[in-house]
Amino acid sequence: MLVALSGCEEVGYYRQAIAGEYEILAHKKPIATLIADPATPPKLKAQFETILKLRQFAGQELKEPADNSYNNYTDLHRPYVVWNVNVASPLSLNPHTWWFLVVGRASYRGYFNEKAALRYAEKWKKRGWDVYVDGIETYSTLGWFHDPLLNTFIYDSEPDLADIIFHELGHRRLFVRGDTDFNEAFATTVAAEGVRRWYNAGHDPKEYERFLTERRRENDFVKLVLASRDQLQAVYSYASLPDVEKLRRKDEIIRKLRENYAQLKTRWGVKRSGYDFWFSEPINNAKLNTIAAYYDLEPGFQALLRAQGGDMEKFYDAVSELAKLPLDKRHAALGGTAESKN
């Protein structure tokens, strides 16, 4: 089937995807067995026990399909599960998309091997495109398999674990083929609501306050990036402006973005931040698009959840109705703009 549908490069891509998923599933171990094993480190046991509580909470409070996920654990002995290749034109914020057999169109192409991702990215760089390779700690098969926990995120803090579990289970509850922005903003909204409810249920308030501080900083970071993205969009839309001038203004906007981030850290009262690494590397259209994918439509989903009085089932029903609309109308209903894909 793969040979009939794709060229040799595509067959190789699907082959590595199958091998990568097999590695995850073949090495998984039941959490219950690991908890009972005296050789399992106490910290890891504690993380497993937290996950079990989070999973139960997700099913009861968020109405997510939690029963068959995160019952197992796989140690991949690497920091990321996949590396996503993101591509965009140097003078456009429209992400390049790829078509996949299961999920339809997506604005990234994932590899289970970093070198393979970098090799593929290099091909686009040589063609003059903006490229960003992003290491990803979490991974969902959207219900095709029972996803295990991974070493890539298992030692995260409790609120971060909650955010991850609720987000990934959100994808299992609802997923729209070919609309990365819609899917990620939806899952992000569900996760934020889940974390809020988790701590309102009486869990460590100090831990939650630390999480809220980080989330406020994240919101500041997102606003900063999206504002620069809007400025770039305005520059790219000038039909009469020469490309060389567009590129000059692009460089100036990105330079100003870095300056604004330095000022933002001063306002936060910190010398170092979790976003320093993001700013330490080149910034281009492809990289900026990865932020927009998760947060551009989130305010619309939050408003929709409030309109349903916080009732998760009614919220899912409303989102399902939106999912039936054409992509542009779907995004417009959430207050966003559906950018053309290429």
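Predicted model: local features only at pLDDT ≥ 70, side-chain atom pairs only at ≥ 80, totals over all residues.
Reader: Let's start with the whole chain. What radius of gyration does the protein have, and what would a compact globule have?

Author: The C-alpha trace spans about 65 × 50 × 45 Å along its principal axes. For 342 residues, a compact globule would have a radius of gyration near 20 Å, and the value for the protein agrees with that. The value is 21 Å.

Reader: Thanks! What share of the contacts with a separation of 6 or more comes from residues 24 or more positions apart?

Author: For background, the secondary structure comes to 14 helices and eight strands, and buried residues make up 49% of the 342 residues. Among contacts with a separation of 6 or more, the share from residues 24 or more positions apart is 73%.

Reader: Which residues of H8 meet H7, and how many residues of the contact are charged?

Author: The crossing of these two helices is left-handed. From H7 come Ala192, Val195, Arg196 and Tyr199, and they meet Glu207, Tyr208, Phe211 and Arg215 in H8. By class, the contact of H7 with H8 holds five nonpolar residues, no polar ones, and the charged ones number three.

Reader: H7 also packs against H6. How are H6 and H7 oriented to each other?

Author: Helix H6 takes in residues 158–173, and its axis comes within 8 Å of that of H7. The axes cross at roughly 135 degrees. Roughly antiparallel would need an angle over 145 degrees, and H6 and H7 are therefore oblique.

Reader: What is the handedness of that crossing, and how many nonpolar residues does the contact have?

Author: H6 passes H7 in a right-handed crossing. The contact includes Phe166 and His167 of H6, and Gly194 and Trp198 of H7. In the contact of H6 with H7, six residues are polar, three are charged, and the nonpolar ones number 11.

Reader: Let me zoom in on Phe57. Is Phe57 buried or exposed?

Author: Phe57 is found in helix H4, residues 42–61. Beyond its neighbours within four places in sequence, Phe57 is in contact with Leu62, Phe166, Gly194, Arg197, Trp198 and Ala201. Its relative accessible area is 11%, and since the cut-off for that class is under 20%, Phe57 is buried.

Reader: How far apart in space are Phe57 and Arg197?

Author: Arg197 is among the residues in contact with Phe57. The two are 140 residues apart in sequence, yet C-alpha to C-alpha the distance between them is 9.3 Å.

Reader: Last one: which class does Lys63 fall into by accessible area, and which does Tyr70?

Author: The relative accessible area of Lys63 is 37%, which makes Lys63 partly exposed. Tyr70 has a relative accessible area of 2%, and with buried meaning under 20%, Tyr70 is buried.

Definitions and conventions
Residues numbered from 1 in each chain as written. Heavy atoms only, no water. Left-handed = near helix turned anticlockwise from the far one by under 90°. Helix = DSSP H or I, 4+ residues; strand = E, 2+ residues; numbered from the N terminus. Contact = heavy atoms within 4.5 Å. Nonpolar A, V, L, I, M, F, W, Y, C, P; charged D, E, K, R; others polar. Rg over C-alpha atoms; globule rule 2.2 N^0.38 Å. Buried < 20%, exposed > 50% of the residue type's maximum accessible area, 1.4 Å probe, protein only. Axes fitted to C-alpha atoms, helices over the stretch in contact; angles between N-to-C directions. Parallel < 35°, antiparallel > 145°, perpendicular 65-115°, else oblique.
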